[in-house]
Amino acid sequence: MILSMYVAMLAQLQTQSPSPLTGTQFTIGGLAAQQTVQSHVDGSNDRLTGLLLGIEGGLSSDRFALRVRYGQGRVNAKPGTNVAARDEVEGEALLGFRATPWLSLWAGPSARAYTTADGDQRWLIWSGRATARGTLIPGRMQSFIEVWGAVSGNVGNPALKAGGRGSNGGLEVRLGDASTLWGRLGYRIESVHADGLRETVESLTLSLLYGLPQ
Amino acid sequence: MHRILIALTACVLLAPVAARAQSGTTLLEQGVRAYSVHEYDGGAWLLRRALGAEGAGALSPAEQARALAYLTAIEVARNQRDSALAAARRLIVLDPRYRLDEQTFPPQVAALYQEARRSAPGVSIRATGDTAIRPGTESFVVHLGASTAPEVTATVNDPDGRVVRTLYSGTVRDSVDLRWNGLDAAGKLSDAGRYTILVVPTARERRSAGGAGWSLRLPIEVARTTVDTTPLPLAPPDSLFRPERGDVRGAVRALVPGVAVGAAIIILPKVVASGEHASGARVLVGGTVAIAGLAAFFSHHPGQQLAGNEQYNRSLRDNWRRNVAEIERRNADRVRQARMIIRPGAASFTTGDTP
């Protein structure tokens with residue numbers, strides 16, 4: 001339902017001009033992610049999967065860029081296991097600097113929160129990132145890969161110092177010759193840890209974007 | 001008396017040098033003075049110089065009429081009848097209502113003037129002097145006067161005698177202002193050069209006058225002020241164009257981002273989440289990116305037409321052509337906006353059929 005709303009919204013945007021600001025471009029879009037969470041708490045391993053829906057956006061000039069992402073959904077354990085399902089909310093806000101036409105450096109916070117019947121668990125990670133982009137077919141298709149490492153972080157319940165790293169990569173394809181709509185197929189993996197805790201989150205993501213992805 | 005003559009002679013001899021720097025009005029006064037002391041040769045020379053003065057020193061129409069009256073009188077006194085008639089006709093053409101002062105000039109001069117008047121068409125032409133106009137929007141005005149009511153045609157003619165523009169065709173009752181906006185009959189801007197405003201009787205007028213033809217000519221010199229125009233942009237250099245056919249280098253450049261990113265997507269989970277069992281999703285995405293890289297490689301293979309590059313090059317050429325067209329249009333506007341300077345000369349009247 002939410003996804004169809006995003007698609008309708010983007011279809012509406014398709015008829016409008018991409019950016020009213022000179023030298024500034026914006027991107028906005030919706031995403032759907034099939035997520036797998038592997039949770040390790042003091043030797044026990046839980047595996048949960050589920051669907052997240054979200055939105056993302058970006059604003060970029062020649063040198064600087066800003067991007068945000070928000071998603072929410074529910075991950076469930078395999079039927080028959082004694083693991084509670086979790087409501088999940090995640091998001092990030094990153095400020096970027098375009099070092100070269102193909103390499104951008106980013107920094108900013110990302111957060112993920114789980115809500116279970118037993119309580120909440122909130123991860124907040126401040127990270128530094130590097131994104132490389134390559135053009136396969138000019139104006140039609142591009143690939144990207146991103147790696148990141150935590151600078152600092154914490155997990156709220158119980159309050160522990162946290163760290164982590166991750167990568168994100170995929171393919172972006174323009175949907176039509178002169179279209180402002182792009183589709184993205186991405187794979188993201190994040191591994192965050194604190195004392196006695198480790199969460200590894202994998203996402204297979206499909207995004208529909210209005211404007212040139214940055 | 002003797003001293004005056006010597007001084008005047010010296011003045012006349014030195015006049016060619018000094019006259020260059022003198023205005024028409026000064027020369028006119030000197031010519032009138034020469035007439036009054038019967039120094040006719042010097043007087044004629046001074047008056048002709050005065051009538052030929054151009055620019056800021058040129059005589060006003062009233063001064064021209066006075067100069068021509070004295071010139072007529074001087075030529076009568078020198079027994080140069082033809083020259084006297086020519087000067088009188090010029091005076092009549094300039095102002096057909098001009099009356100000679102009988103107190104100033106002897107009866108022979110008045111008689112010759114009357115003779116010239118009888119053979120003149122009774123039409124005069126007068127321009128106000130050097131005029132700057134914006135072609136198309138402003139006009140150069142020539143006053144056409146008539147003591148009778150002749151039916152005439154007034155045209156602007158180029159140096160070869162071709163009609164550039166017809167200014168008037170019809171009866172001149174008392175006076176008509178002829179206006180020329182600097183454009184030809186097709187609305188095109190006229191080139192700089194020498195033109196003539198030619199006034200001739202219509203065929204019907206000639207028939208009613210017993211076949212006698214005449215023409216009144218006002219030479220005009222057309223000049224254009226200089227216009228700053230923008231130089232046209234050069235065509236884009238070859239270095240800016242992308243190859244429209246695939247080559248090996250382009251193919252490799254398309255392959256690397258696909259294969260390298262595809263491999264990184266598959267390998268990096270092992271690094272960032274060592275010890276975890278990464279799902280097959282990474283292989284799906286990494287494989288897709290690598291396959292896309294291979295597809296891009298083959299789409300760039302040597303000889304393959306590159307539609308994207310063709311479109312880019314076409315857009316580059318189109319932008320350049322659009323720029324050129326826009327600058328040409330602006331330059332044409334500036335040229336059109338430039339002022340045209342029109343300098344009228346001395347009008348002349350001839351009898352007989354118009355060539």
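In what sense do strand S4 and strand S5 of chain B pair, and over how many bridges? In this predicted model, S4 (residues 151-157) and S5 (residues 163-171) of chain B run antiparallel and are joined by 7 bridges. Within this pair, Glu151(B) lies opposite Thr171(B) of S5(B). The two strands make a hairpin, with 5 residues separating S4(B) from S5(B). Gly161(B) sits in the turn and has a positive phi of about 90°.

S4(B) also pairs with strand S7 (residues 193-201) of chain B. This pairing is antiparallel too and comprises 6 bridges. Here Thr155(B) faces Leu198(B) of S7(B).

Chain B as a whole contains 10 helices and 10 strands. Of its 355 residues, 32% are buried. Contacts in chain B were also examined by sequence separation. Among those with a separation of 6 or more, 71% link residues 24 or more positions apart.

Chain B also touches chain A. The contact draws 28 residues from chain A and 24 residues from chain B. On the chain B side, helix H8 (248-272) and helix H9 (281-299) each contribute at least two residues. H8(B) gives the most, with 10 residues. By residue class, the side of chain B that touches chain A has 16 nonpolar, 6 polar and 2 charged residues.

Note on methods. Residues numbered from 1 in each chain as written. Chains lettered and ligands numbered in written order. Predicted model: local features only at pLDDT ≥ 70, side-chain atom pairs only at ≥ 80, totals over all residues. Contact = placed C-beta atoms within 7 Å. Helix = DSSP H or I, 4+ residues; strand = E, 2+ residues; numbered from the N terminus. Nonpolar A, V, L, I, M, F, W, Y, C, P; charged D, E, K, R; others polar. Pairing = 2+ DSSP bridges. Buried ≥ 20, exposed ≤ 12 C-beta atoms within 10 Å, placed from the backbone.
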